[in-house]
Amino acid sequence: MKNEDIYFSGFLHNFRSSLQAVMVLTGNLKEGSDNKKISQYVEKIQIYTERMDDMIKRLVIKDKVELLREESDFSLNQLLKEVNFLQEVEPFYRDEIEKSFQLKCPHKINGQYIDFFQVVNNLFTNAKEAMYDSVERKIFIDTFCEENNCYFSIRDTGCGISEENISKIFNPFFSTKSNNLLTEISAGKGMGLTIAKQILESYGGDIIAESELNVGSKFVVRIPRK
Ligand SMILES: Nc1ncnc2c1ncn2[C@@H]1O[C@H](COP(=O)(O)OP(=O)(O)OP(=O)(O)O)[C@@H](O)[C@H]1O
Ligand SMILES: [Mg+2]
């Protein structure tokens with residue numbers, strides 16, 4: 001896969017996740033409403049969002065895809081808070097998972113915000129998905145730094161990863177998640193970590209995973225300071 005293709009499939013992945021959130025919320029709205037007028041509007045929204053999703057599915061990766069690649073300085077701590085905030089549109093994430101922040105890196109990161117947003121969002125999504133069947137549901141979000149690097153880590157108390165699988169999780173299309181509505185409509189099942197790793201490496205950073213089956217997982221990301 002060429003670098004542009006990775007970026008583009010990452011963009012699609014995120015776009016469809018957001019669209020999917022709208023579709024789920026619209027479905028909830030329809031179920032919870034006895035008002036006829038509202039139900040009619042909701043049905044229309046559903047038709048349009050499904051249409052949009054269909055259009056996205058048909059998008060083919062063209063050779064000349066050029067995505068906006070504007071660089072900026074942004075706060076790592078702020079980015080983590082923003083992704084958490086956006087994840088909270090989903091009731092399971094908002095109500096069932098306890099969050100704990102320890103944000104100790106005061107520095108700014110330089111790069112494309114969208115790139116780092118994708119990395120963080122994929123990690124939060126994985127942490128959430130790992131905890132659907134857990135009794136204890138906690139996510140620990142830390143930032144810290146040293147002279148040349150900034151770090152963040154995301155730890156969950158989810159299902160964990162077996163020793164056999166941990167060497168494969170960054171491979172394209174490796175996934176242990178069964179097919180359901182969510183994975184079917186997401187652009188690249190098993191692509192979340194592949195994309196995250198590619199993006200980080202393009203900035204000279206990296207990502208490592210530690211995990212214990214049935215206990216939880218921790219992903220640590222290093223980003224070089226400029
Ligand atoms: N926090 C986690 N806890 C447990 N397993 C994880 C976690 N993060 C990743 N994994 C494992 O790594 C696999 C690959 O993750 P990745 O994000 O690349 O793909 P995915 O989540 O299956 O699909 P998607 O492309 O929608 O992200 C997952 O299927 C899962 O088995
Ligand atoms: Mg994923």
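My entries follow, from ground rules to salt bridges.

**Ground rules.** I am working with a predicted model, so I noted that local features need pLDDT of at least 70, that side-chain atom pairs count only at pLDDT 80 or more, and that totals for chains, interfaces and linings use all residues. Residues are numbered from 1 along each chain as its sequence is written, chains are lettered from A and ligands numbered from 1 in the order in which they are written, and side-chain values use heavy atoms, with hydrogens and water left out.

**Overview.** I found eight helices and seven strands in the chain. Both are DSSP runs numbered from the N terminus: helices are H or I with at least four residues, strands are E with at least two. Of the 226 residues, 41% are buried. For me, buried means under 20% relative accessible area, exposed means over 50%, and partly exposed is in between (1.4 Å probe, protein chains only). The chain exposes about 13,200 Å², and carbon and sulfur atoms supply 52% of that; these areas come from the Shrake-Rupley method with a 1.4 Å probe, and for residues only the protein chains shown count as cover. I also looked at contacts, meaning heavy atoms within 4.5 Å. Among contacts with a separation of 6 or more, 72% are between residues 24 or more positions apart.

**The core.** Which residues touch the most other members of the largest nonpolar core? They are Leu76, Leu123, Phe124, Ile139 and Phe152, in a core of 38 residues. Helices H3 (76-87), H4 (91-96), H5 (113-130) and H8 (192-202) each give two or more residues to this core, as do strands E4 (138-145), E5 (149-156) and E7 (216-224). H5 gives the most, with seven residues. My rule for a nonpolar core is a set of buried Ala, Val, Leu, Ile, Met, Phe, Trp, Tyr and Cys residues joined through side-chain atoms within 4.5 Å. I then checked Leu123: leaving aside neighbours within four places in sequence, Leu123 is in contact with Phe152, Ile154, Leu193, Ile207, Phe219 and Val221.

**Lys128.** Not counting residues up to four places away in sequence, Lys128 touches Gln87, Glu90, Phe92, Tyr93 and Ile97. I also noted that the C-alpha atoms of Lys128 and Gly158 are separated by 7.9 Å, though the two are 30 residues apart along the chain.

**Strands.** I count two strands as paired if DSSP finds at least two bridges between them. E5 and E7 run antiparallel and are joined by eight bridges; Asp156 has Ser217 in E7 as its bridge partner. E6 (residues 206-212) also pairs with E7 in the antiparallel sense, over seven bridges, and here Ile208 is partnered by Val220. E6 and E7 form a hairpin with three residues between them, and Asn214 in the turn has a positive phi of about 65°.

**Helix H8.** The buried residues I listed here are Gly192, Leu193, Thr194, Ile195, Ala196, Ile199 and Leu200. Thr194 has 6% relative accessibility. Beyond its neighbours within four places in sequence, Thr194 is in contact with Phe170, Asn171, Pro172 and Phe173. After H8 comes Gly204, whose phi is positive, near 80°.

**Salt bridges.** How many are there? I get eleven, taking a side-chain nitrogen of Lys or Arg within 4 Å of a carboxyl oxygen of Asp or Glu as the rule. One of them joins the side chains of Glu43 and Lys30 (4.0 Å, N to O). Glu43 lies in H2 (residues 36-58) and Lys30 in H1, so this pair ties together parts that are 13 residues apart in sequence. Glu43 is partly exposed at 40% relative accessibility, and Lys30 is partly exposed at 33%. Another joins Glu96 and Arg137 (3.5 Å, N to O). Glu96 is in H4 and Arg137 in the loop between H5 and E4, so the pair ties together parts 41 residues apart in sequence. Glu96 is partly exposed, with a relative accessible area of 43%. I also noted Arg94 with Asp95, at 3.1 Å, N to O.
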